[in-house]
Amino acid sequence: MRTQDFCDLYPRFLETSETVPARSRLDARWRATIGWNEAILAGRRVVDLGCHDGRWSFAAFKAGAAHVTGIEARPHLIRKAEQNFGHYGVPANSYRLITGDAIEVLRGFKAGSIDVVLCLGFFYHTLEHMRLLLEARRLGAEYVIVDTSISPVPEPIVALAFEAVDDPRHAVDYGGTGAGKALVGAPSKSGLLAMLDYAGYEAEFFDWQSNRVDDWSDLPDYAAGLRVTVRAKRRDIAPRKA
């Protein structure tokens, strides 16, 4: 009997997604980002950056998170997230959904208030990579889980690109320039490792070849090694007692 995946259990997210709504892609990403990390999400305070329609915030809650906070810059996506949480009956005291710039919202949180940061499909839509990771450290996050596109070059770089801000899959006009585009950066794998290292985190990469994927048609970036999933653990925090 086939194991039930995210879209089997919670099909509403196929309707509310404004990214690639392919069932196989959402299910595979769920196994990599949430299933792989169930043990570290359980009982933790989790913040989800660029939470879109709330899918991974919700998934973290269902994985046992004590509380989840989703941050999203686009108000209409926050409304979708609120509707999704309501549809699936998530207790109101178990989550918070905030409209705003992810980095600015993090700056307003108290030190020591977060255990896990989810950065799933957000890291390559910003130029504030180090500020994000240093805020995670200030907030006390033991783990940062990153799922990101990467530049294929071997050197530790950040590859710059413009994104059209009218596409909900892309960055917002964070600088308020009115140019209709935002400058963002995708790190190389070695660049990502360097950033995590400077912030005090050790990285472990998810093995996408072991992710029960039979057809890679909806996952070409992962198949080509142009997108990775990383679990980064802070070096100076002792493991939590069982």
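Which residues lie nearest the centre of the second largest pocket? They are Asp-5, Ser-24, Asp-27, Arg-31 and Arg-212, out of 13 lining residues. This is a predicted model: local features need pLDDT of at least 70, side-chain atom pairs count only at pLDDT 80 or more, and totals for chains, interfaces and linings use all residues. Residues are numbered from 1 along each chain as its sequence is written, and side-chain values use heavy atoms, with hydrogens and water left out.

**Sheet**

- Seven strands build an open, mixed sheet in the order β3-β2-β1-β4-β5-β9-β8. Strands here are DSSP runs of E with at least two residues, helices are runs of H or I with at least four, and both are numbered from the N terminus. Two strands pair if DSSP finds at least two bridges between them.
- The edges are β3 (95-99) and β8 (201-205), each pairing on one side only.
- On average, neighbouring strands of this sheet are turned by 20° against each other, direction ignored. Axes are lines fitted to C-alpha atoms, for helices over the stretch in contact, and angles run from 0 to 180 degrees between N-to-C directions.
- Strands of a sheet pair through backbone hydrogen bonds, either parallel or antiparallel.
- Strand β5 (residues 143-149) runs antiparallel to β9 (residues 227-234), and seven bridges join them. Tyr-143 stands opposite Lys-233 in β9.
- β4 and β5 run parallel, joined by five bridges. Here Val-116 stands opposite Tyr-143 in β5.

**Strand β5**

- Seven of the seven residues of β5 are buried, so the strand is largely enclosed by the rest of the structure. Buried means under 20% relative accessible area, exposed means over 50%, and partly exposed lies in between (1.4 Å probe, protein chains only).
- In a regular strand the side chains alternate between the two faces of the sheet.
- Both faces of β5 are covered. Tyr-143, Ile-145, Asp-147 and Ser-149 are on one side; Val-144, Val-146 and Thr-148 are on the other.
- Thr-148 has a relative accessible area of 0%. Setting aside residues up to four places away in sequence, Thr-148 touches Phe-123, Tyr-124, Leu-192, Leu-226, Arg-227 and Val-228. Contact means heavy atoms within 4.5 Å.

- Helix α8 (residues 129-138) lies across β1 (45-49), β4, β5, β8 and β9. It runs at about 110° to β8.
- Asp-197 belongs to helix α9 (residues 189-199) and is partly exposed, at 44% relative accessible area. Asp-197 and Ser-149 are 48 residues apart in sequence and 19 Å apart in space, C-alpha to C-alpha.

**Pockets**

- On a 1 Å grid over the protein atoms alone, a pocket is an open set of points with protein on both sides within 12 Å along at least five of seven lines; a cavity is a set where a 1.4 Å probe fits but cannot get out, and lining residues have an atom within 4 Å of a point. Grid points are joined across faces, edges and corners, and a volume is the space filled by probe spheres set on the points.
- The largest pocket holds about 760 Å³ of space. Its lining has 37 residues, with Gly-121, Phe-122, His-125, Arg-169 and His-170 nearest the centre.
- Helix α3 gives the largest share of that lining, three residues. α3, α5 (55-62), β2 (67-72), α7 (102-107) and α10 (220-223) each supply at least two residues.
- By class, the lining of the largest pocket has 18 nonpolar, eight polar and 11 charged residues. Ala, Val, Leu, Ile, Met, Phe, Trp, Tyr, Cys and Pro count as nonpolar, Asp, Glu, Lys and Arg as charged, and the others, Gly among them, as polar.
- The second largest pocket holds about 190 Å³. Its lining has three nonpolar, two polar and eight charged residues.

**Positive phi**

- Most residues other than glycine have a negative phi.
- His-52 has a positive phi, near 55°. His-52 lies in the loop between β1 and α5 and is buried, at 7% relative accessible area.
- Arg-212 also has a positive phi, near 55°. Arg-212 lies in the loop between β8 and α10 and is partly exposed, at 48%.
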